[in-house]
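Thanks for coming. I have one model to go through today, and I will keep to what can be computed from it.

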Amino acid sequence: MNKQKVLEKSMEGVFLISALMSVIAIIVICIFMFINGVPFIFKYGISNFLLGTDWSPSNVPASYGILPMILGSFAITLGAIIVGVPTGIFTAVFLTHFCPDWLYRFLKPAVSLMAAIPSIVYGFFGLQLLVPAMRIFGGNGMSILTASILLGIMILPTVITLSESSIRAVPSVYYNGSVALGATHERTVMRVVLPAAKSGVISSIILGIGRAIGETMAVILVAGNQPLIPRGLTKGVRTMTTNIVLEMAYAAGEHRDALIATAVVLFIFILIINGIFAYIKRRDR
């Protein structure tokens, strides 16, 4: 009996350590970024850093304005949401309530396979197919529009999988009760079942936004990487993540601190977005 209790306590300790690992990792990341990035922001000036439009680290004196990258990140993320979220949610609804069994056996593995494809492969797909296709709208094809479409495709597996799980988790009495009251199948699904799964659907949107705003490798290949304020959907743009990846390899001193500060700003934006959606979910409950 004593051995059994010792084993139970030992396993409780293992589970506790496992649960704390993610928390500890987040704390360590936050400490590293804020220690290295926040002092630079205050030294350079919050308004100069966040609202500056010139990013020229090689000039004398150097300029570190990240407003073009902030606007670029939001523009591409918004475009990805417009493309990917409705498509993903409607696909999840189709898979749960409208898809024939023979077709579901093909579509479900295909969605899972999309989640396993590396982002660099998506980037090559966009570079070889989307970029030439987008040239019909003007420019060289490397633009906000191209990156938005590509990111919209990339977030589909996340939105579809989580939304489908949430919709399937809705008790069947919701559907049966609505149909028994005379509602059609389509109306029941869209007006009763889908709203009942709203919490899980919102969670899928949050994760999709996190994937879109944090994506780097695919965006590098199709966005144009121009540190300029975006002037249109067909113009090139640079995001905060691509700015860090493109220049961190050779950055040193103040330039390196500026890139870490950019990561701090990106991290804060993601926290704000998650907080807004968490508030919305809590209010709905």
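First, the ground rules. This is a predicted model, in which local features need pLDDT of at least 70 and side-chain atom pairs count only at pLDDT 80 or more, while totals for chains, interfaces and linings use all residues. Residues are numbered from 1 along each chain as its sequence is written, and side-chain values use heavy atoms, with hydrogens and water left out.

Overall figures. The protein has 13 helices and 2 strands; these are DSSP runs numbered from the N terminus, with helices being H or I of at least four residues and strands E of at least two. Along the principal axes, the C-alpha atoms fill a box of roughly 75 × 70 × 35 Å. Of the 285 residues, 39% count as buried. Buried means under 20% relative accessible area, exposed means over 50%, and partly exposed is in between, with a 1.4 Å probe and protein chains only. The accessible surface comes to about 15,400 Å², and 69% of that belongs to carbon and sulfur atoms. Those areas come from the Shrake-Rupley method with a 1.4 Å probe, and for residues only the protein chains shown count as cover. Among contacts between residues at least 6 apart in sequence, 71% join residues at least 24 apart; a contact is heavy atoms within 4.5 Å.

Now the annotations. An unreviewed UniProt entry gives "transmembrane region" for residues 12-42, 62-95, 107-130, 142-162, 200-223 and 258-280. The UniProt entry, unreviewed, also gives "domain: ABC transmembrane type-1" for residues 70-277. UniProt positions are in the numbering used here, feature names are shortened, and annotations may be inferred rather than shown by experiment. In the model, residues 12-42 are 100% helix and 0% strand, with end C-alpha atoms 44 Å apart. Residues 107-130 are 92% helix and 0% strand, and their end C-alpha atoms lie 23 Å apart. The span 70-277 is 77% helix and 0% strand, and its end C-alpha atoms lie 20 Å apart.

What sits on the surface around Leu16? Leu16 belongs to helix H1, residues 2-44. Leu16 is one of the residues of a nonpolar surface patch, which also includes Ile17, Leu20, Ile24, Ile31 and Ile35 and has about 930 Å² of accessible area together. Patches take residues with over 30% relative accessible area and no salt bridge; like charges are joined within 9 Å, and nonpolar side chains (Val, Leu, Ile, Met, Phe, Trp, Tyr) within 5 Å.

Next, the interior. Thr262 is in helix H13, residues 254-284, and is buried, at 0% relative accessible area. A polar atom of the Thr262 side chain lies 2.9 Å from the backbone oxygen of Ala258. Not counting residues up to four places away in sequence, Thr262 touches Phe49, Trp55, Ile66, Met240, Asn243 and Ile244.

Met240 and Met69 are 171 residues apart in sequence, yet 5.1 Å apart in space, C-alpha to C-alpha. Beyond four places in sequence, the contacts of Met240 include Met69, Ile70, Ser73, Val265 and Phe269.

Helix H6, residues 144-154, is mostly covered, with 8 of its 11 residues buried. The cover over those buried residues includes helices H3, H5, H7, H10 and H11.

Last, the salt bridges. How many are there in the whole structure? The search finds 5, taking a side-chain nitrogen of Lys or Arg within 4 Å of a carboxyl oxygen of Asp or Glu.

Lys9 pairs with Glu12, with the closest N and O atoms 3.9 Å apart. They are 3 residues apart in helix H1, so about one helical turn separates them. Lys9 is exposed at 59%, and Glu12 is partly exposed at 47%.

Arg168 and Glu164 meet at 3.1 Å, N to O. These two are 4 residues apart in helix H7, residues 156-168, again about one helical turn. Arg168 is partly exposed at 45%, whereas Glu164 counts as buried at 3%.

Arg211 and Glu215 form a salt bridge at 3.5 Å, N to O. Arg211 is partly exposed at 27%, and Glu215 is buried at 8%. Elsewhere, salt bridges that share partners join Lys108, Glu164 and Arg168 into one network.

Terms used
Polar contact = N/O pair within 3.5 Å; in protein donor to acceptor, adjacent residues only side chain to side chain.
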